Amino acid sequence: MSKPKKTQANTTSAAIHAMLSAAQPLPAPPEHVRLRTNDKPFWDAIMRARARDEWTDADLIAAAQLARCQSDIEAESLALESEGSVVENARGTQIMNPRHSVLEQLSRRQLALMRSLRISGSSTGERKEDLVKARRLQQQAERALAEVTDDDELLAT
């Protein structure tokens with residue numbers, strides 16, 4: 001079975017598609033995947049990294065894992081900042097804070113998830129220029145939609 005032909009990013013139909021897509025809400029995580037309250041800002045940022053129609057069900061699961069990972073990195077970084085890089089163990093010896101190792105593991109997981117989601121700039125099998133153009137078009141459409149929405153709120157008051 002052949003794949004449907006992709007619309008080139010520099011066409012009018014692509015601009016219309018991007019505007020219609022931007023009007024849609026960001027994809028929600030699958031029902032069987034749990035996101036914590038702190039994960040939501042990371043989820044939203046990840047969802048904006050691609051055009052809406054690029055997300056598959058499997059990608060949404062990995063994106064939720066990435067959002068949790070990024071949230072954990074932020075929490076661990078804040079804890080490390082308050083505790084300091086050197087802590088005292090039970091015997092009174094100063095040691096490197098174990099959170100450094102935790103952050104290293106979380107950072108590696110983050111990079112692996114970003115690679116699997118193709119949002120880290122790695123090769124995707126598609127022409128990179130087309131993806132960049134399509135994503136830029138999506139972002140422009142989202143900004144235009146936000147401006148129109150802001151104008152509507154001003155007119156309503």
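Trainee: Which residues does Arg50 touch, not counting residues up to four places away in sequence?
Mentor: This is a predicted model, where local features need pLDDT of at least 70, side-chain atom pairs count only at pLDDT 80 or more, and totals for chains, interfaces and linings use all residues. Residues are numbered from 1 along each chain as its sequence is written, and side-chain values use heavy atoms, leaving out hydrogens and water. Contact means heavy atoms within 4.5 Å. With residues up to four places away in sequence set aside, Arg50 touches Trp55, Asp59, Leu117, Arg118, Ile119 and Arg135.

Trainee: Does Arg50 count as buried or exposed?
Mentor: Buried means under 20% relative accessible area, exposed over 50%, and partly exposed in between (1.4 Å probe, protein chains only). Because its relative accessibility is 1%, Arg50 counts as buried.

Trainee: How far is the charged end of Arg50 from the centre of the ring of Trp55?
Mentor: A charge sits over a ring if NZ of Lys or CZ of Arg is within 6 Å of the ring centre and within 35 degrees of the ring normal. The charged end of Arg50 sits over the ring of Trp55, and the distance to its centre is 4.3 Å.

Trainee: Where does Arg50 lie?
Mentor: Helices (H or I, at least four residues) and strands (E, at least two) are DSSP runs, numbered from the N terminus. Arg50 is placed between α2 (40–47) and α3 (57–83), in the loop.

Trainee: How far apart in space are Val132 and Arg50, C-alpha to C-alpha?
Mentor: Val132 belongs to helix α5 (residues 128–156). In sequence, Val132 and Arg50 are 82 residues apart, while their C-alpha to C-alpha distance is 9.4 Å.
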